[in-house]
Amino acid sequence: MRLDAKLLDGLSGENVLPARCAYRPQDGVLSLNGEWAITEYKSVHEADDGFLESELNGKIEVPSCVQYYGYDYFQYSCLNYPFPYDPPYVPFDNPVFHHRKRFGCRKDGDKKYLVFEGVDSCFYLYVNKSYVGFSQISHRVSEFDVTSFIVNGENTVDVLVVKWCAGSYLEDQDKWRFSGIFRDAYLLSRPRGHIEDYTVNTALDGTVEFCYNRGGSEAAVTLSGETKTVRAGEAVRFTLKNPGLWSAEKPLLYDLRIACAGETINEKVGIRSVTIEDGIFKINGKHIKLKGVNRHDFHPEKGAAVSEADMRADLVLMKAHNINAVRTSHYPSSPAFYKLCDELGLYVMSEADVECHQSLYLRRKENEACSFEIADGDMFAEAIIERNLDNVETQKNRACVIIWSLGNESGYGKNFTKAAELIKLKDASRPIHFESMSLISGREEYYTVPLDMVSRMYPSYEWLDKDFLADPKERRPIVLCEYSHAMGNGPGDLQRYRDIFAKSDRDMGGFVWEWKDHGVLRGGGYRYGGDFPEHANDGNFCLDGLVGPGLEIKPGILNLKKLYGDEKPARESAVKAPSVLELHGGS
């Protein structure tokens, strides 16, 4: 097999198992985190020459980003792709980071699965020198059935991590361009006939529905002391008397136990509802304001390879400063992150791993402000849909997730319309967000797309306070997915925005950009993009957080704490005479 073929041949994976809800069984988990061997190649063409027989010459910790170990280079980009724009092609010189791990295992009749929760940007997987598969969505959980590849005793896993692939055209997020196995890796040993996927639905009257989506053997499901059996393709329901509801203020969770084929899975269930009624966004039937921040995976000493302890530190500090919501900008977070938000009580807008920012300003058609060739073209249609459905399937059982977001700064077109329609078929219990809909404002289509809220970044006060509410065609609520930019001495406009939010219950609130400065710790201090001038970069634009890279308190977070804490309950806005408006987006 020629390695370079997979980089351009389609935008999905090969032999990656269908996405399932995020869980780890109680037993049978062998962590592959820790020390791995590593060797760097200039390209897959160099690696093609007998890499499986080679000795690797370095050591690296997993999870990690290779740049922190002296490989490749540090580069920060906000908008531009780090390679020439020519989809689906990527440069010939395209670094490859060959990772190798040896581990002991028994071939005992159980099914064996290798799981990688995040690898940037794509990887080829080999077990005992045999090719297993390929994956190229950086922030998804990639799971492979390796039962037939495992032997008794010592096993060897080789992972070729490639810096860029066709999927990189959908991962043009504002971030440091790290590479590596940056989230947990592990081997699952599971009994044959185990459950594969399930959905937990809840209602405010205390009904908890367990849907057994895929698997083999009958399962026994226990909730609040009651056990019911269920087969694949069926559902069972429990009714809790006087149920306590989950919210950011009171994150009450119930223990749910799944026993199937001799295996146990422990779940946490939060009972809550998300609705939009008469243009008002409600949790558990009550209007709430999102007092949120945008958050990237980042740690100054590890880059995107954040641990569960790092995530908890972020969230605990958010809670201490009256923050009640997080947008996972601009990709799904680790499964552990969502469980922590369930536990600690934070509302989450879970965003798909989709952004093609620079493409909006290239190959413009005449008289068009932006190019929608990725959003509306055929080349990436299946990939955009897959990345969105993967986000939904993986996090569908988390109470904290109250909104699905189709991605960020990608333009609008048929591919996102189709993704939204399919999400609604999968999960009708949560509304859908996509800020790039603002790029088609002024068209009739703007009012008919299958999106449940209007979204803007940094709109003018006048548009938010007057024009939006006066639009006679608009009945949806509005959320500011980014507002009050916290760079430098910012944010300086929090009070003005919060005053406007309070005027109308159709204003959902918003998410400040952003939570943390992204300064990499090198040479005894924090460094930003412009500290690595040998590669194109966006300077200090990565230093735009409420807190410092190491969670150092800055004036911005103290200002936000005061205003979020002092916020008065929202009230209905006064009825205003309709007018004919030309919506301009305000930014």
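**A walk through the predicted model**

A polar contact of 2.9 Å joins the side chains of R20 and E143. This model is predicted. R20 lies in the loop between α1 (3–8) and β1 (29–31). Is R20 buried or exposed? Its relative accessible area is 11%, so R20 counts as buried, the cut-off being under 20%. The side chain of R20 also has a polar atom 3.3 Å from the backbone oxygen of Y23. Beyond its neighbours within four places in sequence, R20 touches E143, L188, E196, D197, R214, E393 and T394.

Next comes a histidine. H194 sits in the loop between β14 (185–190) and β15 (195–202). H194 is buried, with a relative accessible area of 6%. Which side chain makes a polar contact with that of H194? The partner is Y113, at 2.7 Å. Y113 is also among the contacts of H194 that remain once neighbours within four places in sequence are set aside.

Now turn to the aromatic rings. How many aromatic pairs does the structure hold? There are 33. One of them joins Y76 and W176, with 5.9 Å from centre to centre. Their planes stand at 55 degrees, and the pair is tilted. This pair links distant parts of the chain. Y76 belongs to strand β4 (residues 76–77), W176 to strand β12 (residues 175–176), and 100 residues separate the two. Both Y76 and W176 are buried.

Y198 and F210 make another pair. Their ring centres are 5.3 Å apart and their planes meet at 25 degrees, so this pair is stacked. Planes under 30 degrees apart count as stacked. Y198 is in strand β15 and F210 in strand β16 (residues 207–215), 12 residues apart. Y198 and F210 are both buried.

Y76 and W176 also belong to a cluster. Together with Y68, F74, F178 and F532, they form one aromatic cluster.

Charged side chains meet rings as well. K228 lies over the face of F238, 5.2 Å from the ring centre. R476 places its charged end over the ring of Y446, at 5.3 Å from the centre.

The last stop is a pair of helices. Helix α8 (residues 461–470) packs against helix α9 (residues 494–501), with the axes 10 Å apart. The angle between them is about 5 degrees. Why does α8 count as roughly parallel to α9? The angle of about 5 degrees falls under the cut-off of 35 degrees, so the two helices are roughly parallel. On the α8 side, Y461, L464 and D465 make the contacts. They meet R496, Y497, I500 and F501 of α9. An α-helix has 3.6 residues a turn, so residues three or four places apart point the same way.

How far is α8 enclosed by the rest of the structure? Seven of its 10 residues are buried, so α8 is largely enclosed. The buried residues are W463, L464, D465, D467, F468, L469 and A470.

Methods: Residues numbered from 1 in each chain as written. Predicted model: local features only at pLDDT ≥ 70, side-chain atom pairs only at ≥ 80, totals over all residues. Heavy atoms only, no water. Helix = DSSP H or I, 4+ residues; strand = E, 2+ residues; numbered from the N terminus. Buried < 20%, exposed > 50% of the residue type's maximum accessible area, 1.4 Å probe, protein only. Polar contact = N/O pair within 3.5 Å; in protein donor to acceptor, adjacent residues only side chain to side chain. Contact = heavy atoms within 4.5 Å. Phe/Tyr/Trp six-rings, centres within 6.5 Å; stacked < 30°, edge-to-face > 60°. Lys NZ or Arg CZ within 6 Å of the ring centre and 35° of its normal. Axes fitted to C-alpha atoms, helices over the stretch in contact; angles between N-to-C directions. Parallel < 35°, antiparallel > 145°, perpendicular 65-115°, else oblique.
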